Amino acid sequence: MTSLEIGIASFPALMVLIFLRVPIGLAMFVVGLVGLIWVTDGTQVAFARLKNETYTTFSSYSLTIVPMFLLMGHFATLGGMSNALFKAAEGWLGHRKGGVAMASIGACAGFGAICGSSLATAATMGRVALPELKQYGYAGGFSTATLAAGGTLGILIPPSVVLVIYAILTEQNIAKLFLAAFIPGIMAALGYVIAISVYVRLYPESAGTRPAVPYSERFAALVQVWPVLLVFGLVVGGIYLGWFTPTEGAAVGAFGTAVIAFFNGGLTRSSLVESFTVTARSTAMIFFIVLGAGFYNGFLALTQVPQELSNYVVSQGFSPWMVLALILCFYLVFGCLMDSLSMILLTIPIFFPVISAMDFDLVNLAALQADAAREVLAVGVPDGMAAETLASIKEAIANGTELTRAEMKELGIRITKGMANRMEAEHVAIWFGILVLIVVEVGLITPPVGMNLFIINAMDRKTPMIETYKAVMFFVGSDIIRVIILVAFPSITLFLLAL
């Protein structure tokens, strides 16, 4: 067998191990190790890579952001922030039909802003909101589906651990990815609220009501969420404004939530040790998956599978939009069977080169030049510019054609095709990353193996899983509509990057 054939054969071998319930990190590691030994016809290269890959993975400065964000989420829970968020949202929305469920979504969105894990968001908010939903007569399946869907906001609304991993894999700017995820995250929360409104109108008996609370209590509850706003603004705002790196921002966030938890009485010596222990276990699991993926992807790179796949797709002349649609459909299907982090690590090194080779025309050179020219002309016509040159520039702007080198020199601007191509590559990478994050997130709540569904249902043993499955499809429908909108209008995702 050739190296390429060995690389292709590794996929079914990996799937077999995964379906045999071998941990995904171990499965990727074993397949990558055996594949390297087979391709290189010996153990020397494989064992040398084992040494180097292990060191570079566990000593990576960029990956230190992962335990910091996980620790921040634990401290936020100890500080009572999850409960404060739910009480504030419930005070303003709880009296409406389906209002307590909407409050749960709002609280999940707020908690997701200081917790980068979907599973942690679902589990934390489930403990807070599920008793309230039961108390006010919400159906079991509707309650569990709402909290499972709300938990997915933990990996979409920044900061997000999965988004950090994607940034590292594709060598993208973490701050820009966080910024790009903000509007899709808000859209997700609003979409879930609309899904709840539709559900309670179709099934009025599924949601009870609770009495309205006075405005004084509402504003008092709203004041209690200031720590969340402070931490989110400090971490995400500080990263974007360049006050500190993403890793430093995560450390600042962890320290800030620890201080808040300490003053709220939730952080004691025993809870601190427990937080460190749980964070260490979660980090070890994530790092081992990253190591396994790195080893497997290194083997794939040696066999040239990603490069050959990219070349094949480009040579066939397929529409970039059709290729993107097929990849997103793949994620929707396999997301039902695998966790989000494993999906990202396993597939991005294969699919990203394919998407990078496609031309989605997200950046137009003539439009960039026109914007720069308008900025110059808004200040005033440059000294010495001939009337004919000015007329030619205005005509190019009006017709959407590119400026000549001489015209750009007269304006004092320099926007070349290479600059536009680099910007296009970055925008495609960021846009694709957000889309992948969303469709992977859908897999967390899609039957039959949506991990969030099992986490929430474990807290409510009396509710049959089939009832949760039925109710959650309304939220899945909302997610699919959102994906279609973001695919059709990339500018929604990229809007904040232009500010």
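**Close-up A. Glu171 in the loop between helix 10 and helix 11.** In this predicted model, Glu171 lies in the loop that joins helix 10 to helix 11 (174-202). Its phi is positive, about 60°, although Glu171 is not a glycine. Most residues other than glycine have a negative phi. Is Glu171 buried or exposed? Glu171 counts as exposed because its relative accessibility is 72%, and the cut-off for exposed is over 50%.

**Close-up B. Gln304 in the loop between helix 15 and helix 16.** Gln304 is found between these two helices. Gln304 is not a glycine, yet it has a positive phi of about 70°. Its relative accessible area is 37%, so Gln304 is partly exposed.

**Close-up C. A nonpolar patch on the surface.** Five residues are shown here: Leu309, Tyr312, Phe318, Met322 and Leu326. Together they have about 460 Å² of accessible area. Which helices each supply at least two residues of the nonpolar patch? They are helix 16 (305-315) and helix 17 (320-334). Leu309 lies in helix 16. With 31% relative accessibility, Leu309 counts as partly exposed.

**Close-up D. The largest pocket.** This pocket holds about 1,200 Å³ of space. Its lining has 42 residues, and the closest to the pocket centre are Ser117, Leu119, Met285, Asp339 and Met451. Several helices each supply at least two lining residues: helix 1 (3-19), helix 4 (65-78), helix 7 (118-135), helix 10 (161-170), helix 15 (269-303) and helix 18 (340-356). Which helix gives the largest share of the lining? Helix 15 does, with 9 residues. By residue type, the lining divides into 25 nonpolar, 12 polar and 5 charged.

**Close-up E. The salt bridge between Glu132 and Lys87.** Side chains of opposite charge can pair when their charged atoms come close. The model has a count of 9 salt bridges. One of them joins the side chains of Glu132 and Lys87, at 3.4 Å from N to O. Glu132 lies in helix 7 and Lys87 in helix 5 (residues 81-93), so the pair ties together parts that are 45 residues apart in sequence. Glu132 counts as buried, at 14% relative accessibility. Lys87 is partly exposed, with a relative accessible area of 36%. Glu90 belongs to the picture too: Lys87, Glu90 and Glu132 are linked in a network of salt bridges.

**Close-up F. The salt bridge between Lys176 and Glu426.** These two side chains meet at 2.9 Å, N to O. The pair links distant parts of the chain, with Lys176 in helix 11 and Glu426 in helix 22 (residues 417-443), 250 residues apart. Lys176 is partly exposed, at a relative accessible area of 30%. Glu426 also counts as partly exposed, at 23% relative accessibility.

**Close-up G. The salt bridge between Asp479 and Arg482.** The side chains of Asp479 and Arg482 meet in a salt bridge of 2.1 Å, N to O. How many residues apart are Asp479 and Arg482? They are 3 residues apart, about one turn of the helix, and both lie in helix 24 (residues 465-488). Both Asp479 and Arg482 are buried.

How values were computed. Residues numbered from 1 in each chain as written. Predicted model: local features only at pLDDT ≥ 70, side-chain atom pairs only at ≥ 80, totals over all residues. Heavy atoms only, no water. 1 Å grid on protein atoms, 1.4 Å probe; cavity = no way out; pocket = protein on both sides within 12 Å on 5 of 7 lines; lining within 4 Å. Points joined across faces, edges and corners; volume = space filled by probe spheres on them. Helix = DSSP H or I, 4+ residues; strand = E, 2+ residues; numbered from the N terminus. Nonpolar A, V, L, I, M, F, W, Y, C, P; charged D, E, K, R; others polar. Patch = residues over 30% accessible without salt bridge, like charges linked within 9 Å, V, L, I, M, F, W, Y side chains within 5 Å. Areas by Shrake-Rupley, 256 points an atom, 1.4 Å probe, with all protein chains shown as cover. Salt bridge = Lys/Arg side-chain N within 4 Å of Asp/Glu carboxyl O. Buried < 20%, exposed > 50% of the residue type's maximum accessible area, 1.4 Å probe, protein only.
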